[in-house]
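Grab a pencil and get ready to look at a protein model piece by piece. Try each task yourself before you read the solution.

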Amino acid sequence: MNQNKGMHNGYYYSLTRNMLLVIILVAIMPMIVVSSIILYEFDVSYHEKVHAHLEELVLKHKHNIDGFLKQKLGDIRLLGKTFSYEELKNESFLRNRLELLQEIYGPVFVDLGVINARGLQMAYAGPFKLGKALYSNARWFQMAMKSDYFKSDVFLGLRGLPHFIIAVRESWNGEPWILRATVDFVAFNNLVENIRLGETGFAFILNRKGEFQTKPLFDLIPTKEPYTDFLKDSKKFQDGVRIIEREDDSGNKVIYVAALLKHGDWLLVYQQRASDAFSDLKRTLRTTIAIVLFASLCIMVIAFILSKRMVNRVALADQEKEMISEQVIETGKLASVGELAAGIAHEINNPVAIMMEEAGWIEDLLEEEDFKERENLSEFKRALEQIRTQGRRCKEITHKLLSFARKTDSRIQDVQINDLVEELIALSAQRAKFANVDININLQRDLRMIKVSQAELQQVMLNLINNALDEMEKSGGTLKVSSALEGDYIVVEVADNGPGIPEANLARIFDPFFTTKPVGKGTGLGLSICYGIIKKMGGDIEVRSAVDAGATFRVKIPIPEDEEQPGN
Amino acid sequence: MADRDNHREKTIKVLLVDDEVGFADILAKRLGKRGMAVTPVYTGTEAIQTIRKNDFHVAVLDLKMEDMDGIEVLKIFKKAYPEMAVIMLTGHGSEQAAKEGIQYGAFDYLTKPCELEDLVKKIHQATHQGR
C-alpha cells in the first residue's frame with residue numbers, strides 16, 4: 001500500500017513537473033526568443049546610429065578646422081600678395097595690418113613678422129619683444145623657404161608658449177622673403193575643445209609624431225595604440241573618417257573616431273567610452289531584461305500554481321475512479337454471490353418443503369386412533385415439531401438468500417422513514433426489555449418522504465436493530481436510533497454500546513457470509529443484504545466502531561430531487 | 001346454482017400439478033386426509049391430459065416446471081375450463097409471475113413452501129367463491 005502510494009506520488013510529481021515544463025516552455029521561450037531578436041536588432045541599429053552620428057560629428061569638425069586653417073592661410077597670402085616687402089618691412093604699417101586682422105577675426109592672429117632670405121626678422125608686430133630675431137635655424141623657416149606657404153605644428157618656440165605658424169613665401173627683387181603669422185593657440189584649441197558629447201566624449205589633434213596639437217580634456221598617452229594605428233593607416237581614410245572600438249588600459253570599451261587634417265599632417269581624434277555613448281541602449285536593455293525576467297517569474301509562479309491545482313484535481317479524480325471501480329468490483333462480487341445464493345435457495349426450497357410436508361403427514365397420521373395410546377406419542381410430536389422448526393429456519397435462510405438476490409418485493413413507494421423506524425422500535429421493544437437494553441430515540445421531525453421499497457428499508461433497519469440488540473444481549477446497554485437531514489440525504493444512525501467490532505473485522509463486515517456469531521446463529525448475509533439494498537437506493541452505509549466502545553451504523557438515503565412538497 | 005352448492009357438500013376435487021414428485025404426492029395425501037379428492041400429476045402435459053377426463057373444482061398449479069411454463073398451463077386451463085379455480089404455487093421471489101397469473105384469471109397464489117392450513121383455506125375460499 002505504502003509502496004503503491006509512493007509510486008502514485010512519483011507519478012503525480014512527474015505529472016506536475018511535465019506540466020510545469022510544458023507551460024514554461026510554451027509561454028517563456030517565445031517571449032525570450034522574440035525579445036532577444038528585437039534586442040539584437042535594436043542593438044545593431046543603435047550601434048550604427050551612434051557610429052553614424054559620431055562620424056558625421058567628426059567629419060563636420062574636420063571640415064571646420066580645415067576651413068579655419070585654409071582661411072587663415074588665405075588671409076596671410078592675400079596680405080603677402082597685396083603689399084610689397086618694402087611696405088611690410090615698415091613696422092608701423094605691419095602693426096596696422098595686424099590690428100586690422102584682429103579687428104576682423106578677433107585675437108586669432110597673435111603677431112606678424114617679415115623675415116628675409118637669411119632668416120633675419122626685418123619687422124615684427126605683436127605683443128612679444130622679438131625684434132630682430134634670427135630664424136635661419138628654425139625648422140619652420142627652412143620648410144617655409146622650400147614651398148609657397150607653410151603651416152607648422154604647434155611648438156613653444158622663442159616665446160615659450162604653444163603656438164603655430166602660418167608662413168607665406170614671396171619674392172622681392174629676386175630675393176625670397178617670408179611673411180609669418182602666429183595663430184593663437186587658445187582660439188584654435190577652442191575649435192576642438194568644443195567637441196563634447198556625454199560625460200566622456202572629447203576630441204584632440206595629434207601631429208604625425210604623435211604630439212598634441214590641442215590640449216586634450218583628459219590625460220592620455222598619444223604615442224600608444226590606437227593612435228599610432230590611425231597614423232600608420234592614414235592613407236586608407238584620406239578624406240573620410242575611421243571608427244573603431246577598443247578596450248583601453250582600464251578595460252573599458254572606448255569608441256575612437258579619427259579624421260585627417262592639414263593634408264594628412266594632423267589627426268583629429270574623437271573618443272568616448274562605449275558605456276557612455278550607448279547609455280540609452282544600455283538602459284533600454286536593462287529595462288527590457290527586467291521586464292522579461294519579471295514576466296518569466298510571473299509565468300513560472302502561475303504555471304506552478306496551475307499545474308499543482310490541475311494535478312490535485314487529477315489526483316482527486318483518480319481517487320474517485322479507484323473508489324468507483326472498487327465499488328463496481330464489490331457490487332459485482334455481491335451480485336454473483338447473489339445469483340449463486342438464489343440458485344441454491346431455489347434448489348433447497350423443494351426438498352425442505354417435502355421434508356416439512358412429510359413431517360406434517362406423520363402428524364396427520366398420529367392423529368389417528370391407533371397411535372393415540374402409544375406411550376412415545378409425545379416424543380414423536382416433539383420430534384416433528386423440531387423438524388418443522390428447523391424447516392422454517394431453512395425457509396428463512398433461503399428467503400434471506402433470495403432477498404439478497406434482490407428478488408423480494410421491491411416496489412418503490414413513498415416512505416416516511418421516521419414512521420418506519422418507530423414501528424420497528426415498537427416491534428423490538430419487548431426483546432429490548434428482556435435484554436435489559438434502554439432505547440433512546442432521537443428523530444428529526446418533518447423529514448421529507450423518500451422513494452424506496454418499504455420492505456427493503458424495513459429489512460435493513462430491522463437487521464441493524466436486531467444486530468445491535470444481539471450485541472448487547474449479554475450485558476445490556478443503550479440502543480440509540482436517530483434520524484437527521486444532512487444536505488441531500490436523510491441519515492439514520494443505529495448505535496449500540498456493546499462490545500464493538502475489532503478493527504480487523506470492520507473491513508469485512510459487509511461481505512456475504514461473514515459472521516462473528518456462533519455457527520447456526522447467523523448466516524452472515526444480513527449486513528451484506530443491507531449493503532446491497534442501500535447501494536441500490538443510491539445511498540451509503542458505513543460503520544464506526546472500536547472494541548469496548550460499541551458500534552454505530554450510519555445509513556444515508558438520498559432525498560428525491562423532484563419532490564415538490566414535504567411528506568405529510 | 002344447485003350444482004355448485006352440491007360441491008360444498010360433496011368432496012372437493014383437486015388437481016395438483018407439481019413436477020416435484022415427492023412434494024406432489026405428500027401434499028395429495030395430506031389434502032386427501034382433509035376430505036379432498038386429489039389427483040397429483042407431475043408435468044404440464046399430463047395435467048392437460050388429465051383435466052379432460054375429470055371435472056375438477058380446483059387446480060393447484062406450480063408455476064415452475066420443467067416441461068411447460070406454469071403460466072402457459074394456466075392459460076390453457078382458463079380457456080378450456082373457465083369455471084375451475086386455479087391456485088398457483090410460486091417460489092419465494094417469483095411473485096411477479098404469480099401476479100401475472102392473476103391477470104390471466106388465477107384465483108390466488110401461495111409462496112412455497114407454504115403452510116398446509118393456508119392452502120386448505122385457499123382451496124375452500126376458491127370453491128366457495130367459484131370460478
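Predicted model: local features only at pLDDT ≥ 70, side-chain atom pairs only at ≥ 80, totals over all residues.

Residues are numbered from 1 along each chain as its sequence is written, while chains are lettered from A and ligands numbered from 1 in the order in which they are written.

**Exercise 1.** Find which residues have the most contacts inside the largest nonpolar core.

*Solution.* First, the rule: a nonpolar core is a set of buried Ala, Val, Leu, Ile, Met, Phe, Trp, Tyr and Cys residues joined through C-beta atoms within 7 Å. Buried means that 20 or more other C-beta atoms lie within 10 Å of the residue's own (12 or fewer is exposed, in between is partly exposed), with C-beta atoms placed from the backbone. The largest core has 44 residues, and B:Val14, B:Val58, B:Ala59, B:Leu61, B:Val86 and B:Ile87 have the most contacts inside it. Its largest share, six residues, comes from α2(B). A second, separate core has 43 residues, including A:Met472 and A:Ile509.

**Exercise 2.** Check the span of helix α12 (residues 454-472) of chain A.

*Solution.* The expected span is 1.5 Å times one less than the number of residues. For the 19 residues of α12(A) that gives 27 Å, and the end C-alpha atoms are 27 Å apart, so the two agree. Among the buried residues of this helix are A:Leu457, A:Val460, A:Met461 and A:Leu464.

**Exercise 3.** Which strands pair with strand β1 (residues 109-115) of chain A?

*Solution.* Strands pair if DSSP finds at least two bridges between them. Step one: β1(A) runs antiparallel to strand β5 (residues 175-183) over six bridges, with A:Val114 opposite A:Leu179. Step two: four bridges join β1(A) to β2 (residues 121-125), also antiparallel, and here A:Val114 has A:Ala123 as its bridge partner. Step three: β1(A) and β2(A) make a hairpin with five residues between them, and A:Gly119 in the turn has a positive phi of about 95°. Finally, seven of the seven residues of β1(A) are buried.

Methods
Helix = DSSP H or I, 4+ residues; strand = E, 2+ residues; numbered from the N terminus.
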